[in-house]
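Here are some notes for a colleague opening this entry for the first time.

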Amino acid sequence: MVSKAASDAPSQAPQPSGSGAEAASGPGSGSGKYLTSSVAGAAKILVVGPLGVGKTTLIGTVSEIKPLSTEAVMTQAGARVDTVVAGGKTTTTVALDFGRITIDGDLVLYLFGTPGQQRFLPAWRDLAKGALGALALVDTRDLEASFDALGNLEDLGLPFAVAVNVFPGSPEHGPDELRAALDLLPDTPVVACDARDPASSVRALIALVSHLIHVATETS
Amino acid sequence: MTEPRPEEPTASAVRPYVITRGRAASDIESLAWESLVMATDAAFPASLQPEHQTILAHCQGLLSVAEVAAHIGQPPSVVQVLLCDLLEWGLIVTRPPVPPAEHTDVTMLRKVLHGLESRL
């Protein structure tokens, strides 16, 4: 991860621009470090699911930048103590990977990979604020591992689509069977996807955004 | 590509609350992770804290708060506080995320849809 090395060292001295692993390319280049200067706004989608389900793979497959990793500091009573901040609250950190897609000249879409476990819910609330929706990745070899993530999405009221990341040897489930096992609402889209394949991953995002449009037109 | 290890605690030699002088992102009107920021042309004082200077060095073009945090290896919660300082001093400008009212804006969602479809 690009940021890992840097996070282990104190940043005592200012680093000259572009000294990192990723060279800064000039504004105007869509695939460089910086966004095109015409971009006026940003939107975000969460990619959620249990450890190892392929969140980072999917983000890396569709992102125009190498996925970046950052640490969300979360405050949680009773969490394993990492550092104690002013005020005596205990905090732990959770690594979040993210990528971006410049949609057109003035809009950029960020994809944030978010771990599913219930205990990371506090970290979610912040991230979910303002998110368009979420793509929930599911591994059919371990459906139960996805329950927390799906439950969190429902608690937050964030609309989502389910993408089944097809691994070699994944058991074949019919859509109805899967829907029942995951206790999904009838209108929640379920799509199969190969997180390593750009077109397949983009199609999963398209299924989600189509669903969001459907939800938005229904409620307006 | 490997999955991150979310449970692994990471530690910086300088504790985050030292860098922010005890301030937390929740104390201020904080920038969202996807808020876009960019350094202005204004000259900054030589006395500027090294962390602020590091951020400015990484903001020579338009980037999200999350990207700035990842590039400098500090948690976004710390970067949010420092960016608010820079904003107050006129050293960065920000482009806010799409306003909440527009989240269900079908026009915006259609734009995202078309943008994605054009990548197929």
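**Notes on a predicted model**

1. The largest nonpolar core holds 89 residues, and those that touch the most other members are Ile45(A), Val47(A), Ala134(A), Leu135(A), Ala136(A), Val65(B) and Leu83(B). Helix H6 of chain A, residues 198-219, gives the most to this core, with eight residues. Please keep in mind throughout that this is a predicted model. As general background, nonpolar side chains tend to be buried together in soluble globular proteins.

2. Leaving aside residues up to four places away in sequence, Leu135(A) touches Ile45(A) and Val47(A), then Phe160(A), Ala161(A) and Ala163(A), and finally Ala204(A), Leu205(A) and Leu208(A).

3. The overall make-up of chain A comes next. Chain A has six helices and eight strands, and from the N terminus on its elements run α-β-α-β-β-β-β-α-β-α-β-α-β-α. Of its 220 residues, 46% are buried. Among the contacts in chain A with a separation of 6 or more, 69% are between residues 24 or more positions apart.

4. Chain B has five helices and three strands, which follow the pattern α-β-α-β-α-α-β-α along the sequence. Buried residues account for 48% of the 120 residues of chain B, and 71% of its contacts between residues at least 6 apart in sequence join residues at least 24 apart.

5. Is strand E7 of chain A, residues 160-165, enclosed or open? Six of the six residues of E7(A) are buried, so this strand is largely enclosed by the rest of the structure. Both of its faces are covered, with Phe160(A), Val162(A) and Val164(A) buried on one side and Ala161(A), Ala163(A) and Asn165(A) buried on the other. Strand E6 of chain A, residues 133-138, pairs with E7(A) in the parallel sense over five bridges, and within this strand E7(A) the bridge partner of Val138(A) is Val164(A).

6. Leu143(A) lies in the loop between E6 and helix H4 (147-156) of chain A. This residue has 17 other C-beta atoms within 10 Å and is partly exposed. Not counting residues up to four places away in sequence, Leu143(A) touches Val138(A), Ala181(A) and Leu182(A). Leu143(A) and Asp104(A), by contrast, are 39 residues apart in sequence and 36 Å apart in space, C-alpha to C-alpha.

7. The strands of chain B form an open sheet of three, in the order E2-E1-E3, with antiparallel pairing. Strands E2 (63-64) and E3 (92-95) of chain B stand at the edges with a single partner strand each, so one side of each is left without a neighbour in the sheet. Strand E1 of chain B, residues 36-39, pairs with E2(B) in the antiparallel sense over two bridges, and Val37(B) stands opposite Leu63(B) in E2(B).

8. The contact is made by Thr54(B), Ile55(B) and His58(B) from H2(B), together with Val68(B), His71(B) and Ile72(B) from H3(B). The residues of this contact divide into three nonpolar, three polar and no charged.

Conventions: Residues numbered from 1 in each chain as written. Chains lettered and ligands numbered in written order. Predicted model: local features only at pLDDT ≥ 70, side-chain atom pairs only at ≥ 80, totals over all residues. Contact = placed C-beta atoms within 7 Å. Helix = DSSP H or I, 4+ residues; strand = E, 2+ residues; numbered from the N terminus. Nonpolar A, V, L, I, M, F, W, Y, C, P; charged D, E, K, R; others polar. Buried ≥ 20, exposed ≤ 12 C-beta atoms within 10 Å, placed from the backbone. Core = buried A, V, L, I, M, F, W, Y, C linked by C-beta atoms within 7 Å. Pairing = 2+ DSSP bridges.
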